[in-house]
Amino acid sequence: MVTVATWNINSVRLRMPIVERFLTEQAPDVLCLQEIKCQEDQFPYEAFRALGYDHFAVHGQKGYHGVATVSRVPIREFSRHDWQDNGEARHVGVELPDHQGMIVENVYVPAGGDEPDREINAKFGQKLDFLERMTRWADKVDRPTLIVGDFNIAPLESDVWNHKQLLKVVSHTPIEVESLQRFMDAHGWADIGRQHIPDPQRYYSWWSYRAKDWQANDRGRRLDHMWASPELAKQATGHRVHEDARGWTQPSDHVPLVTEFTL
């Protein structure tokens, strides 16, 4: 058995108290963090070691983006892809040598700005190009792989609080959904979340920092994902969304997802 969690933490140093709470309460074997917002030498290694997480793969940069995978079980850094094609720290992959050589890819897809038009919004074009580079990579994946992280796309109608109102809002536009579908098809990824929480059940992982969006109106979106190679997906025995973390002190605007595998 191995459990893997993913969480866009929105500054790991600022949010270390809630990371400690999550690891103490849930104790996943592997935790994949996005948007750590620090350089590698600034990462809070000792705080993780104190909790029993002694293995690290950290890809950081100053003040923005950054991903890190921390683990209680041995991991080996496996890859760093520059799918943004500009040197930003948005990916790190690890191998779990004691768990059938499982690969865990940790990715932070760009948000894409405010306007869903690459002609007037370069950030949106960069997001689509990022997904295209991921798709070309996925077409060549030949190992049992789990890819997790903040994809910044909510593909299904039940992944957002209001499908019609968000059709022209970046993260739920048809062009983004189509791009993500091409990525899925390139390797035949299985959407672990929806394997365990079937559509059309409500499933959100992000709520904005506007208080009413979380506390009163439940205006959420499913921006975070855990997708597995077809054979690996068959070994996923459980999946949880820890919505309560959105209400913790100084929370991230995302919540953790956890999947259990019989490996």
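Student: Where does His65 lie in this predicted model?

Tutor: His65 sits in the loop between strand 3 (55-59) and strand 4 (67-71). Its phi is near 55°, a positive value in a residue other than glycine.

Student: Is His65 buried or exposed?

Tutor: Buried means under 20% relative accessible area. His65 has 15%, so it counts as buried.

Student: Which loop holds Ser171, and what is its phi?

Tutor: Ser171 is in the loop between helix 4 (163-166) and helix 5 (174-187). Its phi is positive, about 115°, although Ser171 is not a glycine. With a relative accessible area of 4%, Ser171 is buried.

Student: How should I read the nonpolar cores?

Tutor: In soluble globular proteins, nonpolar side chains tend to be buried together. Here the largest nonpolar core has 28 residues, and Val4, Leu96, Met102, Leu146 and Phe261 have the most contacts inside it. Among the elements that each supply at least two residues of this core are strand 1 (2-8), strand 7 (102-108) and helix 8 (230-233). A second, separate core of 25 residues includes Leu31, Cys38, Phe43 and Ala245.

Student: What does Phe261 touch?

Tutor: Beyond its neighbours within four places in sequence, Phe261 is in contact with residues including Val4, Met102, Leu146 and Leu232.

Note on methods
Residues are numbered from 1 along each chain as its sequence is written. This is a predicted model: local features need pLDDT of at least 70, side-chain atom pairs count only at pLDDT 80 or more; totals for chains, interfaces and linings use all residues. Side-chain values use heavy atoms; hydrogens and water are left out. A nonpolar core is a set of buried Ala, Val, Leu, Ile, Met, Phe, Trp, Tyr and Cys residues joined through side-chain atoms within 4.5 Å. Buried means under 20% relative accessible area, exposed over 50%, partly exposed in between (1.4 Å probe, protein chains only). Helices (H or I, at least four residues) and strands (E, at least two) are DSSP runs, numbered from the N terminus. Contact means heavy atoms within 4.5 Å.
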